[in-house]
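Subject: Structure for your review

Dear colleague,

Please find the structure below, followed by an account of what was found in it.

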Amino acid sequence: MPTPTEAHLRYRPWRGTLRPPAYAAVAIARSSLKLLFRRKLFWALYGLALLLFFFYFYCLFLIVWLKQQFAERTMTILGGQVRLSEFIDRLDGLGLTGSAYTFANFFWIEGYIAMIVLALAGAVLVGNDFHHGSLAYYLSKPIGRRHYVLGKVLGVGGFVNLMTTVPAVVLFLQAGLLNDWKTWYFDHVRLLLGSLGYGAVLTVVLGLLLVATAVVVRRTVPLVMIWTAVFVLTRIVGELLAEVFESPWWRLLDLWNDLYLIGLWLLGAEFVPSRIGGPQPPVWAAGCVAVGVCVGSLLLLRRRIRAVEVVS
Amino acid sequence: MELMPDLIRLESISRTFGAVVALDGVTLSLPPGRIGVLGPNGAGKSTLLKLLMGLLPPTGGSGFVLDQPLGGDNDTAANWRLRQLIGFMPEADALVPGLTGVEYVALAGELYGMSRRQAQRRAHEVLSYLELEEARYRRVEQYSAGMKQRVKLAQALVHDPPVLLLDEPTSGLDPAGRDAMLRLVGELGTDHGKSVLLSTHLLADVQAVCERVVIIAGGKVRGVGEVHELLAVRADRFKLRVQGEADGFRAQLTARGVAVLGEQNGEWQIRVPAGWANAEFFRLAEAHAVTVRSLRRDDETLEEVFLKSVG
């Protein structure tokens with residue numbers, strides 16, 4: 001321990017201007033991302049997400065290359081002559097041609113990894129704050145509950161967007177470069193805005209849902225079980241009930257499907273039942289479910305995150 | 001000359017939780033300095049701390065901390081301004097596992113409103129001051145109990161607040177770590193002008209650090225005063241061992257106002273009246289042909305004074 005004289009020499013007062021609490025949310029988000037990226041498991045899952053991105057990236061390239069290479073060639077199918085370029089256009093059904101379905105399907109598939117990441121991240125980002133009493137650390141500062149929640153949601157959203165929106169924007173840029181970029185970007189700006197919107201919807205809905213469930217459950221294993229129930233069990237039950245009662249409304253139980261429908265609408269895709277897994281409920285109903293999840297999560301957070309817990 | 005505002009000024013502050021009265025019309029005025037808040041479990045200490053930090057609105061009365069008004073909901077600009085004046089060190093671990101010491105303290109700085117660069121620079125300074133510079137890049141969950149307490153103090157100190165609110169700062173520390181922590185807290189008060197509000201159930205901590213003490217029990221303030229005043233009103237006691245036929249000696253002591261409080265292994269615990277001179281023991285012993293084998297002070301402790309205060 002320093003002697004009083006040494007301490008006096010070494011302790012320096014600080015005089016500066018303190019900023020409004022909104023900046024604290026950014027600091028919380030940054031530290032949340034730091035906590036996630038310190039774990040090797042998240043790097044592994046992020047690597048898997050990048051593999052999916054590269055699959056789309058090279059498929060887009062491959063299809064354009066094939067169309068250019070075999071533009072004038074024909075082939076015989078069922079006794080008829082078909083131009084190869086027309087045949088390749090039919091591959092649009094796979095959603096790999098830079099259409100709205102390309103981006104919607106990319107979000108859908110990346111979402112599986114995002115859900116695994118979020119199920120594991122809940123305990124790290126929020127559960128630990130309750131388990132280790134860190135809520136006192138945050139809420140004893142000049143910030144409100146909303147800044148804490150906003151910071152955590154931004155942290156979660158940052159990771160989700162690194163897996164979904166950022167690669168989707170790269171795919172958009174690539175698709176433009178593979179076509180006549182001078183007109184393609186302008187003609188397909190809806191895809192860019194839709195991707196950004198889809199990412200924003202995922203950030204808000206999944207972020208709030210994750211923080212709310214982690215506040216209640218706190219530990220990794222129960223969190224994984226709850227997320228599995230929310231995104232796997234509800235899908236099975238929803239599809240089953242939709243078939244039994246012959247009503248697509250039951251599909252609203254599947255939150256990931258609801259978000260997909262909102263994403264399709266944002267991307268401006270046509271709702272062709274054969275391409276989106278059969279008859280679907282209207283997009284406004286899916287939007288209502290998403291809003292309901294957000295409101296429910298906020299109400300739960302308001303009840304559970306209480307500053308009075310700071311002093312036990 | 002500008003008058004220094006009171007550290008705490010409370011006027012008939014009350015707080016109830018349903019039928020439970022946690023604080024009952026507390027009126028208190030304390031100047032800046034090192035203040036101990038003492039009280040048994042359930043006395044209302046925690047509620048008082050929550051009120052002082054603006055985390056809980058009072059149900060009645062009004063109050064100020066350094067002229068900042070208390071009250072309102074948790075999430076108001078007035079309460080944020082209030083909390084900028086206070087550095088709070090919680091009793092719970094309150095660590096963020098995965099962050100290093102310097103990241104933990106810098107994050108606290110940013111939460112208080114410092115810019116990122118300022119917070120990082122200040123975190124290094126404060127950790128060096130608290131002798132944690134070698135451990136600053138280690139993750140906080142790997143720290144020893146003493147280091148955890150110091151890093152918690154560092155996050156409270158990062159924005160250089162005028163008021164430090166410390167909730168059981170020596171909790172879980174070994175004697176050496178406890179002494180070191182108390183010395184640090186004392187230095188912050190004496191050398192760096194911080195007002196320290198120390199909430200504890202350890203009277204020795206208050207005795208070591210604080211100038212004033214507030215005793216709370218049953219939601220009411222039972223006593224406020226300077227520590228040395230409290231110690232001055234304590235009874236003068238001795239432990240006395242004599243050899244020989246002591247009945248007459250004992251009767252003479254009682255006649256002079258000395259009370260024999262108890263006897264253990266031939267040693268008497270006695271309380272002497274004010275103005276008693278120790279030479280009297282030896283004079284009376286000689287007069288009654290007994291020998292004083294040992295005489296040592298056994299003054300009433302602050303703990304006993306505290307227990308008398310709270311009934």
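In chain B of this predicted model, four strands form an open sheet in the order β2-β1-β4-β5, with antiparallel pairing. Strands here are DSSP runs of E with at least two residues, and helices are DSSP runs of H or I with at least four residues, both numbered from the N terminus; two strands pair if DSSP finds at least two bridges between them. The edges are taken by β2 (20-30) and β5 (68-69) of chain B, each of which has a single partner strand, so one side of each is left without a neighbour in the sheet. For β5(B), that pairing is antiparallel, over two bridges, with strand β4 (residues 60-65) of chain B. Phe64(B) has Pro69(B) of β5(B) as its bridge partner. Helix α1(B) packs on the sheet, where it touches β1 (8-17), β2 and β4 of chain B, and its direction makes about 120° with that of β1(B).

As to conventions, residues are numbered from 1 along each chain as its sequence is written, while chains are lettered from A and ligands numbered from 1 in the order in which they are written. Because the model is predicted, local features need pLDDT of at least 70 and side-chain atom pairs count only at pLDDT 80 or more, whereas totals for chains, interfaces and linings use all residues.

Chain B as a whole comes to 11 helices and 14 strands. Of its 311 residues, 44% count as buried (20 or more other C-beta atoms within 10 Å of the residue's own, with C-beta atoms placed from the backbone). Its C-alpha atoms fill a box of roughly 80 × 50 × 45 Å along the principal axes.

The two chains also meet: 46 residues from chain B and 38 residues from chain A take part in the contact (two residues are in contact if their C-beta atoms, placed from the backbone, lie within 7 Å). On the side of chain B that touches chain A, the elements giving two or more residues are α1 (45-52), α2 (77-84), α3 (101-112), α4 (116-129) and α6 (175-190) of chain B. Of these, α3(B) gives the most, with six residues.

In chain A, helix α10 (residues 189-217) and helix α13 (residues 283-304) pack at an angle of about 35°, their axes 9 Å apart. Axes are lines fitted to C-alpha atoms, for helices over the stretch in contact, and angles run from 0 to 180 degrees between N-to-C directions.

Yours sincerely

Conventions:
A residue is buried if 20 or more other C-beta atoms lie within 10 Å of its own, exposed if 12 or fewer, and partly exposed in between; C-beta atoms are placed from the backbone.
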